[in-house]
Amino acid sequence: VTDRRWFHTGALHRTSPVPPDQQQAHDAALAAIARDAKALKRGAAVGRESIKDYLDSIAAPAATRDLVSAWWTVSGNGDKTRVPAAEFLASASYHDGSPDGMCEVWAETLEGGVQTLCERMIAAEGIDVRFHHPVAAIAQNGASATITCASGQTFQAHDAVLATGLNPMAGITFSPPLSGVKAEGRSAGHLGRCVKVWAKLTGVAPGILATGGGTGIEWMFTERRTSDGAAFAVGFGVAANGWVPDFPRDVEQASARFFPEARLLDWDWHDWAGDPFARGAWVAGIVGQDGLNAAESWQPEPHLTFASSDIAASEAGWFEAAIISGQDAARASAAKLRIDLLTEL
C-alpha cells in the first residue's frame, strides 16, 4: 500500500478515515477492536454477537462503521445482523488488531495460481479426474460408498472423500441421511456472500487502497500494473443487507467513487453465490451456531470422510484451511482403509 483513501460523509478523503468530530470516538472504537482481536487470538470468548451488535456495543461512530463495513467484505463477508463479529476480529488479529492490518499478511501467492497447482498434483499422482459429473447422491452400505452422479452414472469406493463446502451439500442426497450437527450444518449452510470484482483502470497508479461507502463495492486496491500501462484493481462487496450486485453499474460507481482520476477500461467477476458448486464465498458462521462448521462436528463416517476449508480445524475460510482439511481427511481415510484391510486379512 503506497496510498490510502477513505470514503465517508458522502465524499472521498485522503487524510483521515473520520471527520474531526468523530475522531475521539473512532480512536476508542479502534482500541476496543484491537483489544478484542488480541483477546480472541489468545482464546477468549469474544465477538460472539453479530458485527452490528458488536459495533453498537463499542459505540463506533458512523465513519468508523463505514471503515469496518469495508473490511467486513474481506473478513465476515455476510449478513451483518447474523454473522458473528469474531469473523472480523479473527482477521484483524493476524497482524496488530487494526482493520487495515489485515492486508499486511497478504504477502504471498501461488506461482501459476491454484489451477496450475491442481493440474500438477493430478499429473504427478496419475489421478483419473471426471469433470462435468455433479454428484446427486452418496449412499453408504455395509462395505462401501456408492456415488451417483446427476447423469445416473455410479462410482463405488471403500471410502469416499466429500470435498465440497457446506452450501453445496444441500443439493446432495445422503443415505443414510446425515444426522445431528451434520444434518443441521447441511440444512443451514453458511452465510458467506462476498462479491469480488476485477477492474482494469487507466490514469491511476498501483498501490492505492480505498475503502468506504457502506454498501456495494466497499473495498478496492490497485494491485498491479498491466503490460499496457494500465492498472488492475481488485474490489470486494457483500451481497447482503440490501445490496444486490448489478454489474457493470456497481463497478463503474465504485471506480468513480474511489479513483475519480481514472477511467474504467474493463471488468470481470464470478458469481460465486450463484455457482452451483459454491453457492457462496468463503465460510461465514451464524450467530449462536458455532458448531455447524466446527471440524469436530464433521468426523468421518464408516465409508465417508469430509474435507473442506469450511470445516477445517484451523484457518477456516482461507486457502490454507483447504490444505489442512485435505490432509486431515487423507489421514482419516487412510487409517480406515488400513484398519479394514487388516480386519479382512
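Let me begin with one group of rings: Trp71, Trp106, Trp219, Phe221 and Phe236 form one aromatic cluster, where rings of Phe, Tyr and Trp (its six-membered ring) pair if their centres lie within 6.5 Å, and planes under 30 degrees apart count as stacked, over 60 as edge-to-face and the rest as tilted. This is a predicted model, in which local features need pLDDT of at least 70 and side-chain atom pairs count only at pLDDT 80 or more, while totals for chains, interfaces and linings use all residues. Residues are numbered from 1 along each chain as its sequence is written, and side-chain values use heavy atoms, with hydrogens and water left out.

A search of the whole structure finds eleven aromatic pairs. One of them is the edge-to-face pair of Trp71 and Trp219, with 5.7 Å from centre to centre and 75° between the planes. Trp71 lies in helix α3 (residues 62-72) and Trp219 in strand β10 (residues 217-225), so this pair ties together parts that are 148 residues apart in sequence; helices (H or I, at least four residues) and strands (E, at least two) are DSSP runs, numbered from the N terminus. Trp71 is buried at 0% relative accessibility, and Trp219 is buried too, at 3%, where buried means under 20% relative accessible area, exposed over 50%, and partly exposed in between (1.4 Å probe, protein chains only).

Now to the sheet that holds β10. In what order do the strands of the open sheet stand? The order of its seven strands is β2-β1-β9-β10-β11-β8-β12, with mixed pairing, and two strands pair if DSSP finds at least two bridges between them. Strands β2 (11-13) and β12 stand at the edges, each with a single partner strand, so one side of each is left without a neighbour in the sheet.

Within this sheet, β10 and β11 run antiparallel and are joined by seven bridges, and here Arg225 stands opposite Ala231 in β11. Strand β8 (residues 194-202) is joined to β11 (residues 231-238) by eight bridges, again antiparallel, and to β12 (residues 263-269) by six, also antiparallel.
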